[in-house]
Amino acid sequence: MTSIYVGNITYNATERDIEGLFSQFGEVASVKLINDRETGRPKGFGFVEMDAEAANKAIESLDGKEFKGRNLRVNQARSRDERKS
């Protein structure tokens with residue numbers, strides 16, 4: 001499975017909305033939208049897991065594309081250790 005970072009998501013999007021968008025490119029294993037711990041409000045980003053081939057197609061097709069009024073940032077997710085450097 002490949003984990004995909006999805007950023008600049010509109011705050012009213014649901015996990016089902018994101019799953020529907022990414023399922024055009026293959027089977028979606030999971031979708032997790034991140035919420036603020038204190039307020040419970042969406043933070044505007046999340047993660048999608050798909051097999052590698054479908055993930056690559058989704059990244060190529062959706063990065064920079066408009067979804068519900070915002071241009072998505074879509075790329076392969078990096079681990080916390082990779083982001084620190």
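1. Ground rules first. This is a predicted model, in which local features need pLDDT of at least 70 and side-chain atom pairs count only at pLDDT 80 or more, while totals for chains, interfaces and linings use all residues. Residues are numbered from 1 along each chain as its sequence is written, and side-chain values use heavy atoms, with hydrogens and water left out.

2. Start with the core. A nonpolar core here is a set of buried Ala, Val, Leu, Ile, Met, Phe, Trp, Tyr and Cys residues joined through side-chain atoms within 4.5 Å; buried means under 20% relative accessible area, exposed over 50%, and partly exposed in between (1.4 Å probe, protein chains only). The largest such core has 21 residues, and those touching the most other members are Ile4, Val6, Ile18, Phe22, Val48, Met50 and Val74. Two or more residues each come from strand E1 (2-7), helix H1 (15-22), strand E2 (28-35), strand E3 (42-50) and helix H2 (52-62). H2 gives the most, with five residues. Those labels are DSSP runs numbered from the N terminus: helices are H or I with at least four residues, strands are E with at least two.

3. Which residues of H1 are buried? They are Ile18, Leu21 and Phe22. These residues sit on the same side of H1, because they cover an arc of only 90° around the axis; the arc is taken from the directions from the helix axis to the C-beta atoms. Their cover includes E1, E2, E3, H2, E4 and strand E6 (73-76).

4. Now the charges. Side chains of opposite charge can pair when their charged atoms come close. The structure holds two salt bridges, each defined by a side-chain nitrogen of Lys or Arg within 4 Å of a carboxyl oxygen of Asp or Glu. One joins lysine 68 to aspartate 17, at 3.2 Å from N to O. This pair links distant parts of the chain, 51 residues apart: Lys68 is in the loop between strand E4 (66-67) and strand E5 (70-71), and Asp17 is in helix H1. Asp17 is partly exposed, at 25% relative accessible area.

5. Glutamate 53 pairs with lysine 57, with the closest N and O atoms 3.6 Å apart, and both lie in H2, four residues apart, or about one turn of the helix. Glu53 counts as exposed at 53%, whereas Lys57 is partly exposed at 42%.

6. On to the rings. There are three aromatic pairs in the whole structure; rings of Phe, Tyr and Trp (its six-membered ring) pair if their centres lie within 6.5 Å, and planes under 30 degrees apart are stacked, over 60 edge-to-face, the rest tilted. Tyrosine 5 and phenylalanine 47 have centres 6.0 Å apart and planes at 65°, so this pair is edge-to-face. Tyr5 lies in E1 and Phe47 in E3, so the pair ties together parts 42 residues apart in sequence. Ring pairs link Tyr5, Phe45 and Phe47 into a cluster.

7. Arginine 70 lies over the face of tyrosine 11, at 5.4 Å from the ring centre. The test for that is NZ of Lys or CZ of Arg within 6 Å of the ring centre and within 35 degrees of the ring normal.

8. Finally, a look at loops. Most residues other than glycine have a negative phi. Asparagine 8, in the loop between E1 and H1, has a positive phi near 65°, and lysine 68 has one of about 55°. Asparagine 12 is also found in the loop between E1 and H1. Asn12 counts as exposed at 57% relative accessibility, yet touches Asp17 and Lys68, not counting residues up to four places away in sequence.

Methods. Contact = heavy atoms within 4.5 Å.
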